[in-house]
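Biologist: I am new to this structure and would be grateful for a close look at one part of it, the nonpolar core and the elements that surround it. Please take me through that part step by step.

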Amino acid sequence: MAEAENLITGLDALSRPGLSTRFKDLFGRPAPKGMSRPLLLRIVAYRVQEQAAGGPNRALRQRLARLAREFKATGSISDTPAPQIKPGTQILREWQGDTHTVTVTDGGFQYRNKTYKSLSVIAREITGTRWSGPAFFGLRARTKTSAEAHGR
């Protein structure tokens with residue numbers, strides 16, 4: 001990592017043409033013509049760090065790919081990230097006088113000695129109707145009703 005630090009420190013002394021050459025070395029294509037020197041400097045520095053540290057992990061690459069697909073399909077990206085729940089966590093929900101306990105496992109969720117891949121399936125089993133599992137178990141903020149959204 002010390003080598004990357006030395007390379008990054010030296011970038012600030014490069015002219016725009018020098019940074020453009022470094023960009024081409026790192027990305028295999030010319031730097032965009034209209035890109036400002038400060039932005040070009042940041043992009044080159046990021047790539048140097050990325051190469052030194054190995055880049056984003058698999059989970060981040062998958063999440064970014066999912067967000068890109070969502071944006072391409074809908075033109076927007078939902079602003080609520082999926083909750084990250086560690087295995088061993090117990091989720092409790094009271095429903096019609098009964099307390100239901102779900103345990104998060106490496107492979108999904110355990111409920112009544114059975115493993116499920118989805119909280120929504122468990123919520124459906126409990127209620128008998130289609131629910132968003134994260135919403136049912138309080139892991140996601142509920143959306144406003146139409147009346148609430150319009151101030152009624």
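Modeller: A nonpolar core is here a set of buried Ala, Val, Leu, Ile, Met, Phe, Trp, Tyr and Cys residues joined through side-chain atoms within 4.5 Å. The model is predicted. In this model the largest such core has 13 residues, and those with the most contacts inside it are Val 102, Leu 119, Ile 122, Ile 126 and Phe 137. Two or more residues of this core come from each of strand S1 (90-95), strand S2 (98-105), strand S3 (108-111) and helix H5 (119-127). H5 gives the largest share, four residues.

Val 102 shows how these parts meet. Beyond its neighbours within four places in sequence, Val 102 is in contact with Thr 89, Gln 90, Ile 91, Phe 109, Gln 110, Tyr 111, Leu 119, Ile 122 and Phe 137. As a general background, nonpolar side chains in soluble globular proteins tend to be buried together.

The strands may be followed in order. S1 and S2 are paired in the antiparallel sense, over six bridges, and Glu 94 has Thr 99 in S2 as its bridge partner. The hairpin of S1 and S2 has two residues between the strands, and in this hairpin Gln 96 takes a positive phi near 50°. S2 also pairs with S3, again in the antiparallel sense, over three bridges. There, Val 104 has Phe 109 in S3 as its bridge partner, and a hairpin joins S2 to S3 through two residues.

The contact of two helices belongs to the description of Leu 26, Leu 40 and Leu 41: in helix H2, Arg 16, Leu 19, Ser 20, Arg 22, Phe 23, Leu 26 and Phe 27 meet Arg 37, Leu 40, Leu 41, Ile 43, Val 44, Arg 47, Val 48 and Gln 51 in helix H3. The residues of this contact divide into nine nonpolar, two polar and four charged. H2 (residues 16-27) and H3 (residues 37-53) pack at an angle of about 35°, and their axes are 10 Å apart. The crossing of H2 past H3 is left-handed.

Ile 77 is placed in the loop between helix H4 (58-74) and S1. Ile 77 touches Leu 67, Glu 70 and Phe 71, leaving out residues up to four places away in sequence.

Terms used:
Residues numbered from 1 in each chain as written. Predicted model: local features only at pLDDT ≥ 70, side-chain atom pairs only at ≥ 80, totals over all residues. Heavy atoms only, no water. Axes fitted to C-alpha atoms, helices over the stretch in contact; angles between N-to-C directions. Left-handed = near helix turned anticlockwise from the far one by under 90°. Contact = heavy atoms within 4.5 Å. Nonpolar A, V, L, I, M, F, W, Y, C, P; charged D, E, K, R; others polar. Buried < 20%, exposed > 50% of the residue type's maximum accessible area, 1.4 Å probe, protein only. Pairing = 2+ DSSP bridges.
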